[in-house]
Amino acid sequence: MIGADKIIEKKKEYLLPSSHKNHFYKNPPQIVRGDMQYLYDDTGKRYIDFFAGVSVMNCGHCNKEILEATITQMQTLQHTTIIYLTEGMVNLAERLASILPGDLRRSFFCCTGSEANEGAMLLARLYTGKDEFIALDGGLHGRTYLTMSATGIPMWRADPDLSPKVHFAKNIVNEGLDIEEGARQSLKSIEKIIKDRGAENIAALIAEPIQGNGGIITPPKWYFKELKSLLEKNNILLIIDEVQTGFARTGKMFAIENYDVVPDIMTVAKALGNGMPISAFCTNDKIAEKFTKPSASTLGGNPVSSATALAVIDYIEKNELCKKADELGKVLKQGLENIQKKHPIIKDVRGIGLMLGAQLVKENGEPAIEESDIILEKLKDRGLIVGKNGLNRNVLAFQPPLVINKLDIETLLSNLEEVLGEL
Ligand code: PMP
């Protein structure tokens with residue numbers, strides 16, 4: 001093992017500068033092993049993982065049951081691409097159709113979240129014949145040109161010359177407003193864009209049900225229903241990005257189900273492969289019909305990723321991970337709220353299921369950016385990996401593997417309380 005310092009040295013020497021600043025911590029460990037909700041570094045130290053590689057490892061690191069399916073498939077047939085017939089991809093599509101919301105039942109497989117969102121936006125253009133989009137401030141949808149153009153977090157917009165065809169509406173968090181009023185303002189700002197640009201120009205609105213990187217921004221219950229009906233009135237499609245929220249994380253298979261809304265197009269990635277690259281954009285029969293030219297992603301829905309994804313869905317269902325996320329999420333949220341009462345630096349605790357955030361703000365009202373870093377570092381030293389996001393990088397993110405247990409959560413909460421006391 002080469003150790004953390006050597007890894008940083010090689011990153012600086014051989015990767016692009018854009019990758020240098022991306023690791024957490026002043027003293028980052030070299031992670032060498034994972035086992036369900038635990039990670040281990042090169043010294044053998046154990047960490048409870050509360051970030052799951054950003055909502056990827058919902059079924060746990062190196063999950064033996066899932067890996068058995070992966071490895072068996074790897075040893076049998078790895079890849080042929082879709083010009084040849086193999087059954088993994090179609091079996092997975094059929095399985096997805098059985099768990100997707102409402103009338104969504106057709107899938108196009110690719111490898112990353114960015115690729116799925118890019119495909120979803122293409123499909124919206126093909127179906128509507130229109131070519132402009134609405135996205136929300138604080139949303140994140142990917143690194144390709146159009147998905148980066150739809151990303152409303154300045155830090156993740158690397159290209160200075162992004163598409164002018166994406167228009168940004170306010171998200172539900174607006175300075176000085178409560179969430180309900182913020183959500184109403186958000187809808188108003190969407191309405192204004194539709195009016196200004198003309199409904200005849202806008203193909204779709206793309207949004208995460210809960211903004212992950214934006215800081216676990218969680219709209220009120222009524223928001224997506226009203227949004228959907230506003231869009232329907234204007235013949236604008238709703239694309240829901242479930243890349244980070246999908247697969248039991250919020251106590252439902254998909255987060256949008258918490259809002260009782262069926263999107264026109266939905267994208268999935270991350271947790272579907274539990275560490276193997278797979279993504280998809282999914283839609284109903286009517287919209288799917290418009291995508292007629294041949295199209296294929298070379299590695300999209302390859303036999304190994306498909307076999308893994310099928311095992312992932314089996315595992316989620318067999319182990320009732322939706323129920324677990326719901327129950328344990330309540331324990332974690334309640335614990336965070338109890339800590340909040342004693343530590344006013346926690347301004348807000350939010351999220352659904354095991355997708356929770358704690359926003360940290362200083363006494364003078366400014367975002368507690370430095371403090372967030374100190375807390376993350378101290379928790380890491382105590383064997384706890386917690387995430388960080390938000391436009392100001394001051395939201396602690398709790399998105400653990402859903403196989404976590406109550407004791408892990410109690411360990412996190414008691415350590416967090418001690419660390420806050422040390423500040
Ligand atoms: N959408 C959301 C909501 C995401 O969180 C991410 C990645 N963090 C993406 C899209 C892009 O996914 P990928 O990195 O797999 O391209």
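**Cavity, ligand and ring pairs**

The largest cavity is lined by Leu136, Asn171, Ile172, Glu208, Pro209, Gln211, Ile217, Pro219, Tyr223 and Phe224. The model is a predicted one. Sorted by class, the residues lining the largest cavity comprise seven nonpolar, two polar and one charged. The space inside the largest cavity comes to about 60 Å³. With a cut-off of 30 Å³ or more, the structure holds one cavity.

The ligand is the next stop. There are 13 residues around the ligand, and those that come nearest are Gly113, Ser114, Asp241, Gln244 and Lys270. The class make-up of the shell around the ligand is two nonpolar, seven polar and four charged residues. Among the elements of the fold, helix 6, which covers residues 113–128, gives the most to this shell, with three residues.

For leucine 140 the backbone is involved: one of its N or O atoms lies 3.3 Å from a nitrogen atom of the ligand. The ligand taken alone exposes 390 Å², and the protein buries 86% of that area.

The last topic is the aromatic rings. Over the whole structure, a search finds eight aromatic pairs. One of the pairs is formed by phenylalanine 108 and phenylalanine 291, and it is stacked, with 5.9 Å from centre to centre and 5° between the planes. This pair links distant parts of the chain, its two residues being 183 residues apart. Phenylalanine 108 belongs to strand 4 (residues 106–110), whereas phenylalanine 291 sits in the loop between helix 10 (285–288) and helix 11 (303–318).

How values were computed:
Residues are numbered from 1 along each chain as its sequence is written. This is a predicted model: local features need pLDDT of at least 70, side-chain atom pairs count only at pLDDT 80 or more; totals for chains, interfaces and linings use all residues. Side-chain values use heavy atoms; hydrogens and water are left out. On a 1 Å grid over the protein atoms alone, a cavity is a set of points where a 1.4 Å probe fits but cannot get out, and a pocket is an open set with protein on both sides within 12 Å along at least five of seven lines; lining residues have an atom within 4 Å of a point. Grid points are joined across faces, edges and corners, and a volume is the space filled by probe spheres set on the points. Ala, Val, Leu, Ile, Met, Phe, Trp, Tyr, Cys and Pro count as nonpolar, Asp, Glu, Lys and Arg as charged, and the others, Gly among them, as polar. A residue is near a molecule or strand if one of its heavy atoms lies within 4 Å of it. A polar contact is a pair of N or O atoms within 3.5 Å; within protein, one must be able to donate a hydrogen and the other to accept it, and residues adjacent in sequence count only if both atoms are side-chain atoms. Accessible areas come from the Shrake-Rupley method with a 1.4 Å probe; for residues, only the protein chains shown count as cover. Helices (H or I, at least four residues) and strands (E, at least two) are DSSP runs, numbered from the N terminus. Rings of Phe, Tyr and Trp (its six-membered ring) pair if their centres lie within 6.5 Å; planes under 30 degrees apart count as stacked, over 60 as edge-to-face and the rest as tilted.
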